[in-house]
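Take a look at the model below and keep it open while you read. We'll go through it piece by piece.

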Amino acid sequence: MEAGKKQKGAKRRHRPASNEKPKDERVGGNEEERNPKASKRRKSQGMVSNSSSFLDKMKAKLSGGHFRMLNEKLYTCTGEEALEYFNDDPTLFDTYHAGYQEQMSHWPELPVNIIIKWLKDRSSSLVVADFGCGDARLAKSVKNKVHSFDLISNEPSVIACNMANTPLGSSSVDVAVFCLSLMGTNFPSYLNEAHRILKPRGWLLIAEVKSRFDSNTGGADPKKFTKAVCDLGFTSVAKDFSNKMFILFYFKKKEEQNSKKKDIDWPELKPCLYKRR
């Protein structure tokens, strides 16, 4: 009996207190207690990741704001002023085109691809002038000889110039292209230059943002624009309004030109200004 009592008492002495953790939990502890340095490092990495994400968002926001400013500048100044502006700081041209490419990434279809297909369906012997070529994607995508013009040249094949005054001779090209590039307030002078360098019966292809020709929201009347281009010495061949983002105009230079120059009533093209996202 006495031995039994002692044994029973021994069992009571080894019973853990209610607030005491089991042995295996006491030994292991939680992860932070076992490896405080690793835990601290993970927290630090998390803060760096959040900080990087925040900085990336801020950079994107600043870049977007810079693009909108440059875009508005191009739509509201002359070609000569734009050329001088970018020549003073060529890095602005890169900033603009980075923002432009980001905007184009949201479009379901790009007008340059339609123009590329149009050229591929015709003879590769046609000589092309690409006004406002950007990264010269058109020239890189077709077998034709393409003269690529823009305000700044970041490609060996691109000629930097005012698009109202290119170095090409008169009646020297078969196709003139303006793909989202009728941006200056003096855009009629660009079309005058296209008329000068085009051969008789040469093609003029114009792709422009659709909102610029929506008369219900302050855009130009497409009929009035077509008439002005025809008064310059072209015939309207076709218009494509099927895309929700842009319009395509197809003109041909008249074979017989009127020797009498008349005043042309050019409509004002509404600037394409992007909203803050």
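## A hairpin between two strands

Start with strands S6 and S7: a hairpin of 5 residues joins S6 to S7. Strand S6 covers residues 234-240 and strand S7 covers residues 246-253; they run antiparallel, with 6 bridges between them. Across the pairing, Ser236 in S6 faces Phe251 in S7.

Strands (E, at least two residues) and helices (H or I, at least four) are DSSP runs, numbered from the N terminus, and two strands pair if DSSP finds at least two bridges between them. In a regular strand, side chains alternate between the two faces of the sheet.

## Where this model comes from

What you're looking at is a predicted model, where local features need pLDDT of at least 70, side-chain atom pairs count only at pLDDT 80 or more, and totals for chains, interfaces and linings use all residues. Residues are numbered from 1 along each chain as its sequence is written, and side-chain values use heavy atoms, leaving out hydrogens and water.

## Rings that meet

The structure holds 16 aromatic pairs. To pair, rings of Phe, Tyr and Trp (its six-membered ring) need centres within 6.5 Å; planes under 30 degrees apart are stacked, over 60 edge-to-face, and the rest tilted. Phe213 and Phe225 make an edge-to-face pair, 5.1 Å centre to centre with 70 degrees between the planes. Phe213 sits in the loop between strand S5 (198-209) and helix H10 (222-233), Phe225 in helix H10, 12 residues apart.

Buried means under 20%, exposed over 50%, and partly exposed in between (1.4 Å probe, protein chains only). Phe225 also forms a tilted pair with Phe249, at 5.2 Å centre to centre and 55 degrees between the planes. Phe225 is in helix H10 and Phe249 in strand S7, so this pair ties together parts 24 residues apart in sequence. Phe249 is buried too. Phe213, Phe225 and Phe249 belong to one aromatic cluster along with Phe187, Phe234, Phe251 and Trp266.

The predictor's confidence in each residue is its pLDDT, from 0 to 100. The protein chain averages 83, and 75% of the residues score at least 70.

Residues 23-27 stay under 50, and the model gives them 2 contacts (heavy atoms within 4.5 Å) beyond four places in sequence.
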